[in-house]
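Please read the following points with the structure open beside you.

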Protein chains: 2
Amino acid sequence: MDLLQKGWFTEFSPDDLEKIKKTSSGDSKQLKSDGKEMGGAWPGQAFSLQIEEVLFHEKSKYQDVLVFKSKTYGNVLILDGIIQCTERDEFAYQEMLAHLPLFAHPNPKKVLIIGGGDGGILREVLKHASVESVTMCEIDEMVIDVSKKYLPGMAEQFGNPKFNLFIGDGFEFLKNHKNEFDVVITDSSDPVGPAESLFGQSYYQLLSESMKNGGILSSQAESVWLHLELISHMIEFTKKIFPTVQYASSIMSTYPSGTMGYLIASKDNRDVTKPARTLTSEEIKSMNLKFYNSELHSAAFILPTFVNQALQGSK
Amino acid sequence: MDLLQKGWFTEFSPDDLEKIKKTSSGDSKQLKSDGKEMGGAWPGQAFSLQIEEVLFHEKSKYQDVLVFKSKTYGNVLILDGIIQCTERDEFAYQEMLAHLPLFAHPNPKKVLIIGGGDGGILREVLKHASVESVTMCEIDEMVIDVSKKYLPGMAEQFGNPKFNLFIGDGFEFLKNHKNEFDVVITDSSDPVGPAESLFGQSYYQLLSESMKNGGILSSQAESVWLHLELISHMIEFTKKIFPTVQYASSIMSTYPSGTMGYLIASKDNRDVTKPARTLTSEEIKSMNLKFYNSELHSAAFILPTFVNQALQGSK
């Protein structure tokens with residue numbers, strides 16, 4: 001788009017981008033998603049960041065990988081045209097996705113991350129002294145490689161002796177791991193492209209089987225402003241598998257509509273909206289937590305009325 | 001910008017817009033605000049909405065007034081290039097700015113709105129049965145006129161017999177009103193252009209004098225992602241005038257970085273983070289509250305760690 005050429009990157013909704021491309025090529029066919037809510041879509045709105053310098057742009061086996069230095073958000077990782085993280089605000093997402101399940105758990109030892117190739121979730125998980133091992137299953141090795149090079153503050157723990165890396169498909173990995181993990185974190189991109197299967201019921205069945213009794217999971221679960229139907233659907237089928245399912249939402253400056261949601265489920269009846277371990281302000285400092293705190297843990301599960309009403313049937 | 005011509009409206013930060021205009025006219029002089037935090041600025045990022053049809057575009061005595069029908073957010077009001085409200089998400093802002101002070105107050109009878117020409121705050125204030133009169137002081141009559149025409153769901157209460165309108169400057173109005181209001185709501189645009197003076201200490205001194213004992217105020221108070229210095233400064237000087245000052249933050253899809261903050265201050269020691277009157281789900285329905293609820297009232301004051309740390313000195 002023109003903004004790119006003028007030094008701005010614009011994140012269009014995947015369906016809008018498709019239409020814009022088709023229009024430029026003279027093909028005016030509308031996509032099926034037009035006018036209908038679709039996970040990972042935000043039709044009619046777009047967010048832009050000013051580019052200082054493009055640092056990396058290649059196609060991996062799975063997706064288009066772009067890294068640029070932005071004017072005001074540090075380095076930015078883009079996959080298939082969608083912002084994954086910026087150095088300025090990544091902590092908000094990483095801390096909530098990682099610490100909601102980890103602090104809801106009384107003693108997490110073995111942790112699995114599905115996706116998370118930028119290393120941010122790994123960094124947060126290893127702040128918990130109880131954690132003995134962290135396994136990451138990432139499908140796209142190029143994401144890890146570019147993060148090590150261009151997002152060193154996120155990728156800082158790839159050399160940690162507690163860390164195991166598995167390059168491959170999350171589904172395949174889970175089939176061979178049963179009854180093993182205390183916490184499983186799905187840090188995926190949107191349900192368009194390689195991450196699509198990570199938003200379905202059969203994936204959650206496998207997640208459950210991979211977890212020990214008392215295990216807790218968290219998953220990237222889109223935006224209350226944009227994806228209430230998908231969220232409602234996810235809660236509904238997750239409740240068939242887990243006795244406890246809750247949804248949290250918090251702010252995230254560079255994600256569509258400025259929000260991100262987190263699906264939290266437990267294999268027992270634990271109240272995941274309350275941290276099992278609370279933090280003093282000294283502990284917050286020593287763990288270098290810039291977003292998460294014990295009060296915010298519970299507050300993130302308190303949702304606006306329109307969200308409560310939309311999720312009422314599924315909750 | 002090109003996006004406008006292609007059917008998209010792009011909201012640049014006022015300082016970026018200035019630079020883009022200067023660059024197009026061959027003048028590359030940088031603004032003073034460059035690289036420095038400025039209230040009402042969000043350099044290096046931009047938000048866009050797809051336009052279906054431009055409905056109104058004129059210059060008033062004070063500002064550029066644009067209304068368009070968007071593809072996915074209903075009708076949108078833009079003042080001086082900045083999104084003020086969209087029909088799809090306006091309730092989030094209106095309900096929080098209005099109901100945080102109104103529900104923190106045990107019995108609000110006389111309410112003043114400074115700004116608020118679109119009518120959304122007025123609509124929310126009049127949902128409180130205790131309210132006997134609402135006065136609005138709006139500087140720009142054109143905002144009221146276009147809202148009546150293009151935002152009828154917001155402007156629906158301008159004919160209410162409890163409503164009094166004063167067209168003029170907030171400062172001037174306040175000088176002649178002492179010890180009069182239970183709740184005062186400042187629903188201003190950003191501190192660039194006509195609303196600049198509404199972010200200073202002398203304005204808050206006048207607000208305080210206009211309020212009865214036990215009075216509570218709320219003000220639009222920018223974004224935790226973008227304006228921590230301004231917020232910290234506002235809290236600092238407001239605390240010199242009011243015994244109770246608190247800051248709440250919540251999500252707002254079409255405002256910069258997807259967040260909006262609310263400064264709440266009380267003339268007595270009341271804990272404004274707790275509603276003085278709580279709502280049942282029946283009351284929420286009968287008041288048609290789509291965002292606010294009693295749990296969210298308190299949760300909105302629970303802030304991320306980086307915000308707590310930045311405001312620590314001032315709080």
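Does K110(B) count as buried, partly exposed or exposed? At 26% relative accessibility, K110(B) counts as partly exposed, where buried means under 20% relative accessible area, exposed over 50%, and partly exposed in between, with a 1.4 Å probe and protein chains only.

1. On the basis of the values. This is a predicted model, in which local features need pLDDT of at least 70 and side-chain atom pairs count only at pLDDT 80 or more, while totals for chains, interfaces and linings use all residues. Residues are numbered from 1 along each chain as its sequence is written, chains are lettered from A and ligands numbered from 1 in the order in which they are written, and side-chain values use heavy atoms, with hydrogens and water left out.

2. On a link within chain B. The side chains of K110(B) and E180(B) form a salt bridge, at 3.3 Å from N to O; the term stands for a side-chain nitrogen of Lys or Arg within 4 Å of a carboxyl oxygen of Asp or Glu. K110(B) belongs to strand β6 (residues 110-115) of chain B, whereas E180(B) sits in the loop between α6 (170-175) and β9 (181-187), so that the two are 70 residues apart; strands (E, at least two residues) and helices (H or I, at least four) are DSSP runs, numbered from the N terminus.

3. On two further salt bridges. D182(B) pairs with K212(B), their closest N and O atoms being 3.8 Å apart, and because D182(B) lies in strand β9 and K212(B) in strand β10 (residues 211-220) of chain B, the pair ties together parts that are 30 residues apart in sequence. D182(B) is buried, with a relative accessible area of 7%, whereas K212(B) is partly exposed at 29%. K127(B) and E124(B) also meet in a salt bridge, at 3.0 Å from N to O, and here E124(B) is buried at 1% relative accessibility.

4. On the two chains together. In this model 50 residues of chain A are in contact (heavy atoms within 4.5 Å) with 50 residues of chain B. The chains bury about 3,800 Å² between them, 60% of it on carbon and sulfur atoms, this area being the accessible area (1.4 Å probe) that two parts lose on being put together, summed over both. W225(A), I251(A) and T305(A) supply 17% of the area that chain A buries against chain B, more than any other three residues.
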